[in-house]
Amino acid sequence: MLSVAEVPILNALRSQAARVGCRVVTSRSFAPGFLWGAATSAYQVEGGNYTSDWWVWERQPGSGCAEPSLDACDHYHRYRSDIQSLANLGFNAYRFSLEWSRIEPEPGEYSRAQLDHYRRMLEACHEHGLTPIPTFHHFTSPRWVAEQDGWANPATAERFAHYCRVAAAHLRDLFEMAITINEPNMPPLLGYQDGIFPPGLRDPGARQLVNATFIRAHELAAEAIRTETDVRLGLALAMVDLQPVDGGEEAAAALRQVREDVFLDATSGDDFVGVNAYTRHEVGPEGIRAPAAGARLTGLGWEYWPQALEACVRRAADVTGKPILVTENGIATDDDSERIAYVTEALTGLRRCIEAGIDVRGYLYWSALDNFEWNHGYAPKFGLIGVDRVTQERTIKPSATWLGAIAGRGSL
Ligand code: FCB
């Protein structure tokens with residue numbers, strides 16, 4: 001048996017072997033100590049996040065949101081039994097986020113009660129043998145940040161870092177690994193260029209500015225958190241397997257630059273890179289093409305493309321040379337056997353990455369629960385665990401038992 005500390009050594013051996021064309025074969029395809037778990041984000045599961053910008057956005061005429069989040073999965077009150085379920089299933093890690101708008105509902109006013117809530121969540125993870133991986137920002141910001149020009153205001157980076165420092169100081173003894181920002185590349189695109197996330201702008205120029213604020217926020221937050229703790233830090237990047245077709249190489253390279261590379265370049269001081277990957281886009285000279293007529297789509301309208309995980313992990317590792325943590329991968333589907341098929345293929349690709357010598361530290365399925373899928377509302381079902389929308393009753397899906405068993409044995 002290897003200890004957690006020995007996993008990087010095995011990964012380094014694998015990497016050396018790959019360089020000379022050999023493979024290191026162990027009885028398990030994923031080393032002991034590999035993190036197996038599921039992810040959620042505060043706003044998508046907690047419920048009642050009134051002080052967040054998304055609460056306003058859901059109700060804003062023209063926002064295009066399918067429905068309000070309201071109680072979400074009431075995870076704010078039910079986290080203990082949800083965490084217990086993940087542990088019972090066989091997982092050893094849980095990624096969740098801290099809601100900035102709860103912790104700092106007004107500028108500079110920090111809620112001790114809310115910080116204590118997240119202490120209790122972290123403690124619950126430890127009690128159940130789960131490694132907690134808190135994320136300090138997952139799409140939502142306090143209303144007061146939005147009122148001061150949101151992420152288009154460069155000062156938001158400093159404000160975010162200040163909150164990170166306060167939270168890290170309060171929680172410091174309870175976590176060893178964290179994500180600063182989830183998908184810092186998505187709010188600039190979806191909120192400032194495509195207009196479907198708050199603040200609903202359609203201004204490509206603003207997107208560049210907001211990219212820069214997020215990058216600065218990541219760097220300042222990492223510095224602030226490291227002032228309080230010596231945890232391992234990274235960001236979680238939304239990656240897509242961008243495939244040039246019909247001469248789309250240049251267009252694909254330009255997209256990679258603005259969507260991924262500027263953020264991958266910002267990971268140079270990090271301990272690992274978090275990869276969120278779900279699908280591919282074909283890119284022609286004119287840009288991203290919609291999936292071809294008749295292409296197989298998931299419940300979110302994305303092309304069914306489990307191979308995306310391998311492609312994105314390889315790219316993140318190539319560009320950064322850092323260890324990789326799969327921070328999100330999964331599928332929205334009402335057919336749970338399709339989930340198992342999708343994840344089987346994704347994990348087979350991930351195993352190939354490991355065999356090729358890439359240092360992959362874990363796999364976190366998105367999502368632990370059927371939850372609030374942003375502008376799409378509750379219709380898409382990503383969860384390993386179903387949630388009754390009226391009673392909040394949880395149902396363990398077969399895919400949860402299946403993936404938990406893989407986690408327990410460390411092999412497919
Ligand atoms: C990612 C988000 C996550 C969830 C999944 C489906 O982009 O990080 O909150 O919405 O997509």
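A polar contact is a pair of N or O atoms within 3.5 Å; within protein, one atom must be able to donate a hydrogen and the other to accept it, and residues adjacent in sequence count only if both atoms are side-chain atoms. The model is predicted: local features need pLDDT of at least 70, side-chain atom pairs count only at pLDDT 80 or more, and totals for chains, interfaces and linings use all residues. Residues are numbered from 1 along each chain as its sequence is written, and side-chain values use heavy atoms, with hydrogens and water left out.

**The ligand and its surroundings**

- The ligand is surrounded by Gln44, His138, Phe139, Asn182, Glu183, Tyr278, Glu328, Trp366, Glu373, Trp374 and Phe382.
- Gln44 places a polar side-chain atom 2.7 Å from an oxygen atom of the ligand.
- His138 has a side-chain N or O atom 2.8 Å from an oxygen atom of the ligand.
- The protein covers 93% of the 290 Å² of accessible area that the ligand has on its own. Accessible areas come from the Shrake-Rupley method with a 1.4 Å probe; for residues, only the protein chains shown count as cover.
- The ligand sits in the largest pocket. A molecule sits in a pocket if more than half of its atoms lie within 2 Å of the pocket's grid points.
- On a 1 Å grid over the protein atoms alone, a pocket is an open set of points with protein on both sides within 12 Å along at least five of seven lines; a cavity is a set where a 1.4 Å probe fits but cannot get out, and lining residues have an atom within 4 Å of a point.

**Two residues of the shell**

- Glu183 lies in the loop between strand β4 (177-182) and helix α9. Helices (H or I, at least four residues) and strands (E, at least two) are DSSP runs, numbered from the N terminus.
- Glu183 is buried, because its relative accessible area is 8%. Buried means under 20%, exposed over 50%, and partly exposed in between, with a 1.4 Å probe and protein chains only.
- Phi of Glu183 is near 45 degrees, a positive value in a residue other than glycine.
- Phe382 is in the loop between β9 (360-366) and β10 (385-387). Phe382 is buried too, with a relative accessible area of 3%.
- Phe382 and Ile331 are 51 residues apart in sequence, yet 5.5 Å apart in space, C-alpha to C-alpha.

**Backbone exceptions**

- Most residues other than glycine have a negative phi, and most peptide bonds are trans.
- Asp149 has a positive phi of about 75 degrees although it is not a glycine. Asp149 is in the loop between α7 (143-147) and α8 (155-171).
- Pro198 and Pro199 are joined by a cis peptide bond, with omega about 10 degrees. Pro199 is in the loop between α9 (186-192) and α10 (204-228).
- The peptide bond from Trp366 to Ser367 is cis, with omega near 15 degrees. Ser367 is in the loop between β9 and β10.

**Residues in helices and strands**

- Ala38 is in strand β1 (residues 35-39). Ala38 counts as buried because its relative accessibility is 0%.
- The C-alpha atoms of Ala38 and Ser367 are 329 residues apart along the chain and separated by 5.7 Å.
- Gln114 is in helix α6 (residues 112-127) and counts as buried at 16% relative accessibility. A polar contact of 2.8 Å joins the side chains of Gln114 and Tyr76.
- Ala224 is in helix α10 and counts as buried at 9% relative accessibility. Ala224 and Glu158 are 66 residues apart in sequence and 9.8 Å apart in space, C-alpha to C-alpha.
- Ala254 lies in helix α11 (residues 249-265) and counts as partly exposed at 46% relative accessibility. Ala254 and Gly362 are 108 residues apart in sequence and 30 Å apart in space, C-alpha to C-alpha.

Conventions:
Near = heavy atom within 4 Å.
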